[in-house]
Amino acid sequence: MEILGGPLYGVAGAGESHGPAITTIIFGCPPGLRISRESIQRYLDRRRPGSSKHGTPRREQDRLILLSGLYQADTDRLTAGAPIRVGEADQALTVPSYEEGYCSGEPVAALVLSSSKRPQDYEQFAGPEGEVRPGHTDLVKHHQSRGYADPRGGGRSSYRSTISDVIAGSIARIFLREHFRTVILSSICQVGPLKSTLTLADRLEDMREPGSTRCPPDALEDLEHSLEDSEIHTLDATFARSAAEAIMETRKKGDYQGA
């Protein structure tokens, strides 16, 4: 388990790539902040492998379950999240999860089940004689765990561990937008040797309100949706088309443009 953040806001994550689930606990969520499963799921969908044809072909569902730290008087709306079922047949226990509510000030706990698993793809990395992938932690984890590390999908060092970062970051974004009108944007500017001729900084400069350093909230929201709807997360449509072609050609050669 890793604990990231500072004394006011932090996140703890646990779970291996091919384990049952990724577990997340967020500390320091301000009381009264309204959050919903849908508002966090939006960002998980952006992270989710398989959401773009230009990323990994692996497909994962990554459906969020909220378990604690929320409340509202309308308990029907509060507990309208996906049901959790444990056990079989008439011995099964089924309970609802949270859909939307206000932070109570207590830790917010979340669960994302792991569904896409191909353990046979990682057999060559297991054991003291296993292969070591460049840029991965196979060798380090093997020795740190005294030989008991889970090599499937990278174990705890998998990209799936970023699920916890996304959940905590989503709640932070909601707070920053609500209290400070802060919007966090990004635009891909380079893929391999290809570079975009449009920068996010220039676009925001053009959008500024006259005599102010602020941008109109509606314009920022439109820009954010435009980036999310783009085939590649960039504001440069010409660059996006060229980058998409480069990615596809590189994939045909059995190579990739970067991690």
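**Exercise 1.** Work out whether Gln41 is buried or exposed in this predicted model.

*Solution.* Start with the number: the relative accessible area of Gln41 is 3%. Next, recall the cut-off: buried means under 20%. So Gln41 counts as buried. To place Gln41 in the fold, look at helix α1, which spans residues 37–47 and includes this residue.

**Exercise 2.** Find which residues Gln41 touches, leaving aside its neighbours within four places in sequence.

*Solution.* Go through the contacts with those neighbours set aside, and you get Asp62, Arg63 and Leu64. Now pick up Leu64 and follow it along: its bridge partner is Val112, in β10.

**Exercise 3.** Say which strands pair with β10, and in what sense.

*Solution.* Take β3 to begin with, residues 21–27: this strand and β10 pair in the antiparallel sense over 6 bridges. One spot to check by eye is Thr24, which sits opposite Ala110 of β10. Then take β5, residues 64–66: this strand also runs antiparallel to β10, joined by 3 bridges.

**Exercise 4.** Explain why strand β10 is described as largely enclosed.

*Solution.* Count through residues 108–113: 5 of the 6 are buried, so the rest of the structure largely encloses β10.

**Exercise 5.** Zoom out and sketch the whole protein chain in a few numbers.

*Solution.* First, tally the elements: there are 7 helices and 12 strands. Second, look at burial: 36% of the 259 residues are buried. Third, check the contacts between residues at least 6 apart in sequence: 63% of them join residues at least 24 apart. Last, the accessible surface is about 15700 Å², with 54% belonging to carbon and sulfur atoms.

Technical notes. Residues numbered from 1 in each chain as written. Predicted model: local features only at pLDDT ≥ 70, side-chain atom pairs only at ≥ 80, totals over all residues. Heavy atoms only, no water. Helix = DSSP H or I, 4+ residues; strand = E, 2+ residues; numbered from the N terminus. Buried < 20%, exposed > 50% of the residue type's maximum accessible area, 1.4 Å probe, protein only. Contact = heavy atoms within 4.5 Å. Areas by Shrake-Rupley, 256 points an atom, 1.4 Å probe, with all protein chains shown as cover. Pairing = 2+ DSSP bridges.
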